[in-house]
Every structure is written in structure tokens, then in C-alpha cells.
Amino acid sequence: MSYKEQIDKSRLPRHIAIIMDGNGRWAKEKGRERTYGHQYGAEAVRMVTEASVETGIEYLTLYAFSTENWNRPDEEVDALMALMVMSIENETPTLMKHNVRLQAIGDLSRMPAEVKAKLDQCIGVTSQNTGLTLVLALSYSTKWEMVEAVKAIARQAVSGSLAVEEITDRTIDDRLTTAAMPDPDLLIRTGGEMRISNFLLWQAAYAELYFTPEYWPDFGKESFYKAICDYQNRERRFGKISEQL
Ligand code: IPE
Ligand code: IPE
Ligand code: MG
């Protein structure tokens with residue numbers, strides 16, 4: 001039986017988040033430039049988006065560019081930005097066809113004007129779609145996001161519109177870029193590294209973690225279904241004991 005057939009549709013993760021890693025190494029192993037890997041990475045994005053639509057996942061968040069990725073060589077950053085412009089433009093009709101709503105989280109003010117414009121356009125055009133919500137994490141990091149949230153809370157506390165005693169985890173949730181989304185249930189990282197790299201640190205407090213050595217360009221639909229099957233074999237206890245569930 002294929003992994004797809006093994007998925008229990010009644011127990012799907014509502015929100016899957018993916019650290020798409022390994023494009024550069026994938027290309028290097030083929031004797032090609034890192035950028036070549038990013039191009040194939042964009043193909044994998046299409047596959048996994050389609051697989052999410054087919055499975056009925058509500059939220060898919062893809063870590064496409066971190067705050068720290070601004071420190072890569074200029075040529076690579078430029079190539080990634082150009083690829084984003086092209087991919088967003090090319091994929092908009094497909095997103096419409098599959099009823100996908102696009103959103104973005106991160107410090108979008110740092111994105112080049114052309115990327116920001118294409119992004120805003122696609123977000124606007126797809127805003128009424130009711131199927132999968134596809135969230136691109138761009139110029140994103142939790143440390144950036146938490147600093148912004150803390151500033152917002154501090155401003156309110158100083159101005160007297162928020163009492164310090166009233167601060168709860170909801171106060172923080174509501175001020176993160178992910179405020180309107182459920183927390184990720186399943187966090188996948190491709191490319192073999194066993195780290196979170198500043199991605200959804202707060203939101204993934206109780207996410208199931210799934211690491212695979214596969215490089216992102218090789219991560220297709222079956223790999224995605226396999227990760228969901230693995231998730232469905234876990235027992236999520238949220239601090240309780242088995243017998244209480
Ligand atoms: C992930 O692949 C894509 C981005 C971070 C933009 P990498 O570019 O990090 O590829 P590796 O990890 O160097 O192989
Ligand atoms: C994490 O990958 C960021 C994205 C996938 C966008 P990196 O390749 O930047 O992570 P590190 O630096 O190896 O942890
Ligand atoms: Mg990497």
C-alpha cells in the first residue's frame with residue numbers, strides 16, 4: 001500500500017510546517033551551482049503544495065528564506081529573490097485552480113520591491129480562496145518575530161492599555177505573525193540537519209518533529225505522505241499520560 005493510501009483522513013495534521021533545506025548540497029553533488037538546486041527546490045514546493053491540497057491539509061507553512069539567509073553571498077540572495085518573483089507569478093493560476101490562499105510571514109519590509117509587489121498581488125488575488133492556506137516564511141525568524149511582539153506589548157504596557165498581570169501566552173500568540181493560524185502539528189526538516197534554525201520556535205512548542213536526510217529537491221509527494229503517516233503513528237500527550245487521552 002502506498003503511503004498516500006495509509007493516511008487516516010480523520011486524523012490529519014491541521015498545520016504542517018517545513019524547513020526546506022538541502023538545495024545547495026543537492027546541486028553540489030550534481031556538480032552544479034547552488035542556484036540550480038534552488039530552481040529544483042521550487043519544483044518541490046509545487047509538488048508538496050499539490051499533495052497538501054490532495055490530502056486536505058488546512059495550513060502549509062514553508063520556510064523559504066530566513067533572517068540569517070540575508071548573510072549569504074549577494075549572488076545567491078539575488079538569484080533567490082529573482083526565483084521568487086518568477087515562481088509567484090507562474091504559480092498564481094495554479095493556486096487559483098486549486099483554491100489555495102497565499103499568505104506570508106516575516107520581515108517583508110526587507111524584501112526587494114519587486115518581490116513584495118508580486119507577493120502582495122498574489123496574496124490579494126487568492127485572498128478569497130477557501131482551500132489550503134499556503135504560508136511563505138520570508139525574511140523570517142522567531143527571534144525577529146519575538147522582538148517585535150515584545151516591543152508591541154511593552155508599548156501597550158507603558159501606555160496603560162495593557163496591565164502586566166493580564167499578560168498570558170495568548171497575549172504573545174496574538175502579536176506574532178502567525179496570530180491567525182493554528183500552531184503547527186507537524187514540523188518537517190529535509191536535508192539531514194537536526195536543528196530548527198530560528199523557525200516557529202514558540203509555535204512549535206508541541207509540534208511533532210520529523211527529520212529526513214533527503215535533500216529538499218528530492219522531497220516529493222510520497223516523502224510528504226510518508227511524513228504524515230509517521231506523524232499519525234505518534235501519541236501526542238501534551239504533558240498528560242496515555243491513559244488520560
Ligand atoms: C535551503 O537550501 C534553501 C534556503 C535556505 C533558501 P540551502 O540553500 O540551505 O541548501 P544547503 O543546506 O546549503 O544544502
Ligand atoms: C534554514 O536553512 C532556512 C531555510 C530553509 C529557509 P539554512 O540552510 O539557512 O539553515 P542553517 O543555517 O543550516 O541552520
Ligand atoms: Mg541549508
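Predicted model: local features only at pLDDT ≥ 70, side-chain atom pairs only at ≥ 80, totals over all residues.
Student: How far is the polar side-chain atom of serine 197 from an oxygen atom of ligand 2?

Tutor: Let's take the polar contacts of ligand 2 one by one. Asparagine 69 has a polar side-chain atom 2.9 Å from an oxygen atom of the ligand, and for an N or O atom in the side chain of arginine 195 the distance is 2.7 Å. For serine 197, a polar side-chain atom lies at 2.6 Å.

Student: What percentage of the accessible area of ligand 2 does the protein cover?

Tutor: Start with ligand 2 on its own, where the accessible area is 390 Å². Ligand 2 sits in the largest pocket.

Student: Now for ligand 1: which residues come nearest?

Tutor: There are 13 residues around ligand 1. By class, that shell has three nonpolar, five polar and five charged residues. The ones that come nearest are Asp21, Gly24, Arg25, Arg34 and Arg72.

Student: How far is a backbone N or O atom of glycine 24 from an oxygen atom of ligand 1?

Tutor: Walk along the backbone here. Glycine 22 has an N or O atom 3.3 Å from a ligand oxygen, and a polar backbone atom of asparagine 23 is 3.2 Å from one. For glycine 24 the distance is 2.9 Å.

Student: How much of ligand 1 does the protein bury?

Tutor: Taken alone, ligand 1 exposes 380 Å². The space it takes is the largest pocket. With the protein in place, the buried share is 88%.

Student: Which element gives the largest share of the shell around ligand 1?

Tutor: Helix 2 (23-29), helix 3 (34-55) and helix 4 (74-97) are the elements that give two or more residues. The largest share is three residues, and it comes from helix 2.

Student: What is the angle between the planes of tyrosine 36 and tyrosine 40?

Tutor: The structure holds ten aromatic pairs, and this tilted pair is one of them. Both tyrosines lie in helix 3, four residues apart, about one turn of the helix. Tyrosine 36 and tyrosine 40 are 5.1 Å apart centre to centre, and the angle between their planes is 55°.

Technical notes:
Residues numbered from 1 in each chain as written. Chains lettered and ligands numbered in written order. Heavy atoms only, no water. Near = heavy atom within 4 Å. Polar contact = N/O pair within 3.5 Å; in protein donor to acceptor, adjacent residues only side chain to side chain. Areas by Shrake-Rupley, 256 points an atom, 1.4 Å probe, with all protein chains shown as cover. 1 Å grid on protein atoms, 1.4 Å probe; cavity = no way out; pocket = protein on both sides within 12 Å on 5 of 7 lines; lining within 4 Å. Sits in = over half its atoms within 2 Å of the grid points. Nonpolar A, V, L, I, M, F, W, Y, C, P; charged D, E, K, R; others polar. Phe/Tyr/Trp six-rings, centres within 6.5 Å; stacked < 30°, edge-to-face > 60°.
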